[in-house]
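Thanks for making time this morning. I would like to walk through the side-chain contacts in this structure, beginning with a term that we will need along the way.

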Amino acid sequence: MAGYKMSAREIPLDESYEVVVAGGGPAGCAAAAAAAREGARTLLVEATSYLGGMGTGGLVPFWCGYGDGEKIIARGIAEKVLAGCRAGARTPPPPERDEWIPPIDAEVLKRVYDDLVTEAGADVLFGTQLCAVEKAPAGEVSVAVFSNKSGLSAYGARVFVDCTGDADLAAWAGAEFQKGDAETGDMQPATLCFVLTNVDDEAAKLGPGIHRWAPGSPIRELIESDEYPLIIDGHTCNMRLGPGTWGFNTGHVYRVDNTDPVSASRAVLQGRRMAKQYLDAFSKHIPAFRNAQLVATGSLLGVRETRRVIGDYVLVIDDYLAGRSFPDEVCRNAFGIDVHYDEKTARRFSMMEIDEAKRFHRERWQELESGQSVGVPYRCLTPRDLRNVLVAGRSISTDRQVNGSTRIMACCLNTGEAAGMAAAHAVRHHESDVHAVDTGRLRERLTEEGAYLPEPEPAAVGR
């Protein structure tokens, strides 16, 4: 591709904010709220017209990662968000779900995030896309350049928090990162979630299930059918959202790189075609869905993996399996190592009988014991190459396996709250150096705001 040199121009510069948060998903909302709550003048910039990311525009139908099998450990802002969803829910959780984890009503959740951020005192700028980063020689980001209906504009800040999911701001500023499998570069498949209505709930209780190992499920037959070429594996997560309304985190789109707009665009097109094939297949083969209608596909592609920033500490699988604690940990996490298979492995797994599949899955999906969790150090949020940038959410500093656990929304809310609070502390007390933040004080404040940060067992403490 030929290069093009833009003509010199002057664009508007706003330096009124101390903290600028890029990306309004769970991590970004929590970061903006926490920074503003600590007294920093904060701006949250979001490319869409809503907050919440995959839980709202992405139509993910249910929460994951809130508990350790015994209790809620995603507390603080994360627990407040969950409480807001419970308070706004018009449908009780289905019996197979814990009563404190409701299905996600995307419209309720949008308002929960709106209130969380604005009531904390942060400003929100919708319809605004990060498009460039300017860095000073000392390793500081001086301005972030955004694009919206007003054209290009620059925002200066003392500290920037990257909650883009793909670590765009940090990577463009020169932070070191890893992406995908170390040998092949492959990344986990994506999913475009969707919602079906006019489902016969009573028939769904009695008839064949959707999950591939449910009694009478036709999924494995559909995978082998030439009639539905986009139904290629047995990934069939779903939940009843309300009367006759079901949300689906179902199907996979393989070989997607969300940092490549061409690749991501192709994936969205395929995801919409895939949702239609699931509708056709379910309505033909599952009586409860005979009259179902497809009413929505996600406006965001469900991306599980892209860049992982290299921070001052990289949380690795040995830390996870040991349930380690850290002197600077800012949250606990207990979700399983959920790295989705490549297409060949996923198809083979989907065709196994249930006992064989359980053995196969146990070897690859590693889980902690009930009541056990692992700490996430503050150092996983600090890109080692940048002085005034923090990263929260899916792209924090972990290895690929641990990323399969920490990418979950509950953990993203927790790392977002910690990053936002730390950003404000860096501004107020550490001349904007995020590496100099007093993690003892940070942990005290997080605990005061409800975070779950128990005293570690001495034998489990890492460096």
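By buried I mean a relative accessible area under 20%, by exposed one over 50%, and by partly exposed anything in between, with a 1.4 Å probe and protein chains only. Please keep in mind that this is a predicted model, in which local features need pLDDT of at least 70 and side-chain atom pairs count only at pLDDT 80 or more, while totals for chains, interfaces and linings use all residues. Residues are numbered from 1 along each chain as its sequence is written, and side-chain values use heavy atoms, with hydrogens and water left out.

Let me start with the charges. The structure holds 29 salt bridges, where a salt bridge is a side-chain nitrogen of Lys or Arg within 4 Å of a carboxyl oxygen of Asp or Glu. One of them joins Glu 202 to Lys 205, at 3.3 Å from N to O, and these two residues sit three apart in helix α5, about one helical turn; helices here are DSSP runs of H or I with at least four residues, strands are runs of E with at least two, and both are numbered from the N terminus. Lys 205 is exposed, at 62% relative accessible area.

Which parts does the bridge between Asp 257 and Lys 179 tie together? Its closest N and O atoms are 3.0 Å apart, and because Asp 257 lies in the loop between β12 and α7 while Lys 179 belongs to strand β9, the pair ties together parts 78 residues apart in sequence. Asp 257 counts as buried at 17%, whereas Lys 179 is partly exposed at 29%.

Glu 449 and Arg 37 also meet in a salt bridge, at 3.5 Å; Glu 449 lies in the segment after α13 and Arg 37 in helix α1, so this pair ties together parts that are 412 residues apart in sequence.

Now to the rings, of which the search finds 14 aromatic pairs: rings of Phe, Tyr and Trp (its six-membered ring) pair if their centres lie within 6.5 Å, and planes under 30 degrees apart count as stacked, over 60 as edge-to-face and the rest as tilted. Tyr 278 and Phe 282 form a tilted pair, 5.6 Å centre to centre with 55° between the planes. Both residues are buried, and both lie in helix α7, four residues apart. Ring pairs also link them with Phe 194, Trp 246, Phe 248 and Phe 289 into a cluster.
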